[in-house]
Amino acid sequence: NNLSSWFSEVGRREEALAAGEEAVDLYRELARARPDALTPDLAMSLTNLSSSLSAVGRREEALAADEEGVDLYRELARARPDAFTANLAGSLNNLASSLSDVGRQEEALAVGDEAVDLYRELARACPDAFTPNLAMALNNLASLLSKVGRQEEALAAGDEAVDLYRELARARPDAFTANLAGSLNNLANRLSAVGRREEALAGGEEAIDLYRELARARPDTFTPDLAMSLNNLASWLSEVGRREEALAAGEEAIDLYRELALARPNAFTHELARALSVKGNRLFDLEQWDKATKFLEEAIRTLDTAFRKFPMAHGQLMVAIGRNYIEACEKAGTKPDDELLLPAITYLQAKQEAGRANEPAAENSDN
């Protein structure tokens, strides 16, 4: 189980999955013989397995693992609420993400709401122990609310998460500054969604300032977060008309992701492709069609190998980049490279034939 996590951290997804599956199989045997002692371990390993399945695009199987984990934790929490309510809340939070990943947004929202309710009760009884979990669940709930169009409620949940993390970071900056930065990034996405663009930009800039400090002290840990927030900043700057600054932020994100992807391609190629795509989109905003086309083409080529290996994990982003590339080519008066687009077109056709049409990937990333 631990080995699976370590493989995941360095982007070795297939090996992470294999180790996680073996862990679940062993815990099943153990829990069958000694359910009182080992069922919690089985539930925990199922939650971890879900993450590994999701990372390789096997989202329906990830959902099944999360559902089984929640069922086990419900039984455990029913028998021993003091011991397992927190585990149930955490597994519900994960299940909400898995439901969202397969497009079951209303169900995801209901499950996310339940997780928040449980964490509120826990935080009321033991604030020092569970306020961080409540803030995390509110952060996730904000994203779920946004996906079903309830933007004002999403904004309220995001605001509450930021307020909680501010208090936590004030008391324990070493422990919670990163969480504050992440929640500010997410809140900026929510503010942008309701048209409060200047406020979104201010929140995003605060997140970047925090991530710069964190990355200066611990570059291996926080450079990816800094790159992600810079990528988002490029979009927020563009929204308020500061397009040259948007280009600069996007370029910095690309530079950081190039270094990260060089060292750990399995972990960061996807994000490098996204950053290249964002840069292409910003050039498109400036009507620099030829340059936009080149960056979008590079984004497709960057993602190609990973996409062919894990099409379900990378397909949504690849299709979105492909659509932007075609539009940029039309504006530039050039013919799109059909061979370059063929894998994405084949993937999209297969999805549509299966009755599950893809929507374009969101440009901005939540933390």
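At what angle do helix α6 and helix α7 pack, and how far apart are their axes? The legends below take up this pair and then the whole chain.

**View 1. The packing of helix α6 against helix α7 in a predicted model.** Helix α6 covers residues 105-125. Helix α7 covers residues 127-147. The two pack at an angle of about 160°. Their axes lie 8 Å apart. Angles over 145 degrees count as roughly antiparallel, so α6 is roughly antiparallel to α7. The crossing of α6 and α7 is left-handed.

**View 2. The residues that make the contact between α6 and α7.** From α6 come Gln-105, Ala-108, Leu-109, Gly-112, Asp-113, Val-116, Tyr-119, Arg-120, Leu-122, Ala-123, Arg-124 and Ala-125. From α7 come Pro-127, Phe-130, Thr-131, Asn-133, Leu-134, Met-136, Ala-137, Leu-138, Leu-141, Leu-144, Leu-145 and Lys-147. By class, 16 residues of this contact are nonpolar. Four are polar, and four are charged.

**View 3. The helices of the chain.** The chain has 16 helices. It has zero strands. Helices α6 and α7 pack with their axes 8 Å apart.

**View 4. The overall dimensions of the chain.** The C-alpha atoms fill a box of roughly 65 × 45 × 40 Å along the principal axes. The radius of gyration is 21 Å.

Methods: Residues are numbered from 1 along each chain as its sequence is written. This is a predicted model: local features need pLDDT of at least 70, side-chain atom pairs count only at pLDDT 80 or more; totals for chains, interfaces and linings use all residues. Side-chain values use heavy atoms; hydrogens and water are left out. Axes are lines fitted to C-alpha atoms, for helices over the stretch in contact, and angles run from 0 to 180 degrees between N-to-C directions. Helices (H or I, at least four residues) and strands (E, at least two) are DSSP runs, numbered from the N terminus. Angles under 35 degrees count as roughly parallel, over 145 as roughly antiparallel, 65 to 115 as roughly perpendicular and the rest as oblique. A crossing is left-handed if the near helix is turned anticlockwise from the far one by less than a right angle, and right-handed if clockwise. Contact means heavy atoms within 4.5 Å. Ala, Val, Leu, Ile, Met, Phe, Trp, Tyr, Cys and Pro count as nonpolar, Asp, Glu, Lys and Arg as charged, and the others, Gly among them, as polar. The radius of gyration is taken over C-alpha atoms; the globule rule is 2.2 Å times the number of residues to the power 0.38.
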